Amino acid sequence: MKNSRRDFIKTSALGLAGVTFSAKSYSRILGANERINLAHAGLNSRMGAHLSASRSFKNILNHVALCDVDKRTFAKTKKRFSDIIPADIKEFEDIRKMLENKDIDAITVASPDHWHAPMGIMAMQAGKHVYLEKPCCHNPQEGEWLIETQKKSGKKLQIGNQQRSAPTSIEVVKLIHEGIIGNAYYAKTIYENNRGSIGVGKTVPVPEWLNWDLYQGPAPRREFKDNIVHYNWHWFWNWGTGEISNNGLHEMDFARLALGVSIPNQVSSAGGRFAFDDDWEFFDTQLATFNFPENKMIDWEGRSCNGNSGFKGFHGRGTQVFGTEGCAFVDRGGYKIYNKAGDLIKEAKEGQEVDGTDTTGISGLDQYHFKNFFDAIRLDTPLNSPIAEAHKSTLLCHLGNMAQKLGKTLKVDSQTGKPEDKEAQKMWGREYDKEFKPKV
């Protein structure tokens, strides 16, 4: 097993220069020595991780366009990444205008959640491959639209669940499936942080540097308040999907892989906004439970505003997988496996320190995940996080939020993922601004 892990790392992003590529999956045929023309939409927060990772691929990339509704971001991005982004790179405020450029081969998207699926759909329809940040969709309907559009377009669509490309995570999933802890039947996932209050927003004039209409895009129109842009949109239903999708999704995605389960048949959730009395519309504390027809279960414990668990060696997030013969603890830094007596029987480290609670999340896992994306484009290598799989994991988050908001235990069709409850069914999609509603 050690040798296979070492081989994986040898062929990682840092060793990419010696790899020979094919161009058969491009919509425009690339010459043998041509580079991928890459564009980027949404330049704050996670885009820093995208661009940091892309430094490992200087030999195969041309950064050709940037897109953001905040005009201040262009100068900041070009200064921070001046080693890879040309000073005269094309700048766009409107994603639709950028996608008209037929020379763009692929785009990476790190916009707010409500723009993820619409941007991904438009990009694939325009013939671009897409690296799309998680969650892939603001609601389950958009996940279905992404699957349909990807099938029609044939474009590569990688979702940003980067732990799927971590060598240690790949290794421990294999070990679990081989039975190292017996029959794995339960996973407990945890995320904790010390987020402060977002206060009560005041209605103020839109800043001159922001195109508020394009920022809202597909979402129904709301007045501008001073506590939304740039990060706090996560906590408003109109634009965000809450902490369960913002961070819980990573661990639950891994838990699904480890347990070998797909779609739950029952979902419940308890929690609330307990820490502060402010505009935060989601839940700072949430315990969501997902039962699966395979007689297995996943729990998610989210504590956004109290990260003081006191667990030694715990870095704010992780997954415990329990089996009939032992358990495994897994996070972005590696894994530890214990037998039923509590003895450590195997461990591996990812080889890097990872801060699991900052808002950018830069780590070597992004390099592995982007390498997989570029290999899929050039070599037709299978994606580690294809949309059909990512949609199932994101669906857990949406169902958890439905159960929490409605205060009900939901029975779910484990084939379609749709809840039986009629009120929950109304949350399957959303209302759109008619100009920006995806056309599938």
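Predicted model: local features only at pLDDT ≥ 70, side-chain atom pairs only at ≥ 80, totals over all residues.
In helix α5, the buried residues are Asp113, His114, Trp115, His116, Ala117, Pro118, Met119, Gly120, Ile121, Ala123 and Met124. That amounts to 11 of the 13 residues of α5, so the helix is mostly covered, buried here being under 20% relative accessible area.

From its first C-alpha to its last, α5 reaches 19 Å, close to the 18 Å expected at 1.5 Å a residue. After the helix comes Gly127, which has a positive phi, near 90°.

What does α5 pack against? Its partner is helix α6, residues 140–153. The two axes lie 9 Å apart, at an angle of about 10°. Angles under 35 degrees count as roughly parallel, and α5 and α6 are therefore described in that way. On the α5 side, the contact is made by Ala117, Pro118, Gly120, Ile121, Met124 and Gln125. On the α6 side, it is made by Glu142, Trp145, Leu146, Thr149, Gln150 and Ser153. By class, the residues of this contact divide into 6 nonpolar, 5 polar and 1 charged. An α-helix has 3.6 residues a turn, so residues three or four places apart point the same way.

I turn now to helix α11, residues 387–406. Like the helix I began with, α11 is mostly covered, with 15 of its 20 residues buried. Just after α11 stands Gly407, with a positive phi of about 65°.

How do α11 and helix α9, residues 242–259, cross? Their axes come within 9 Å, at roughly 125°. The range for roughly perpendicular ends at 115 degrees and roughly antiparallel begins over 145, so α9 and α11 are oblique to each other. The crossing of these two helices is right-handed. From α9, the residues involved are Ile244, Ser245, Leu249, Met252, Asp253 and Arg256. They meet Glu389, Lys392, Ser393, Thr394, Leu396, Cys397, Gly400 and Asn401 of α11. This contact divides into 5 nonpolar, 5 polar and 4 charged residues.

Helix α9 also packs with helix α7, residues 167–177. Here the axes come within 8 Å and cross at roughly 35°. Ser169, Val172, Val173, Ile176 and His177 of α7 meet Phe254, Leu257 and Ala258 of α9. What classes of residue make up this contact? There are 6 nonpolar and 2 polar residues, and no charged ones.

One loop residue also deserves a word. Arg46 sits between β1 and α2. Is Arg46 buried or exposed? Its relative accessible area is 13%, which falls under the 20% cut-off, so Arg46 is buried. The C-alpha atom of Arg46 is 5.9 Å from that of Ala110, although the two residues are 64 apart along the chain.

Finally, the protein as a whole. Its secondary structure comprises 12 helices and 15 strands. Of its 440 residues, 57% count as buried. Among contacts between residues at least 6 apart in sequence, 73% join residues at least 24 apart.

Methods:
Residues numbered from 1 in each chain as written. Heavy atoms only, no water. Axes fitted to C-alpha atoms, helices over the stretch in contact; angles between N-to-C directions. Helix = DSSP H or I, 4+ residues; strand = E, 2+ residues; numbered from the N terminus. Parallel < 35°, antiparallel > 145°, perpendicular 65-115°, else oblique. Contact = heavy atoms within 4.5 Å. Nonpolar A, V, L, I, M, F, W, Y, C, P; charged D, E, K, R; others polar. Expected span 1.5 Å × (residues − 1). Buried < 20%, exposed > 50% of the residue type's maximum accessible area, 1.4 Å probe, protein only. Left-handed = near helix turned anticlockwise from the far one by under 90°.
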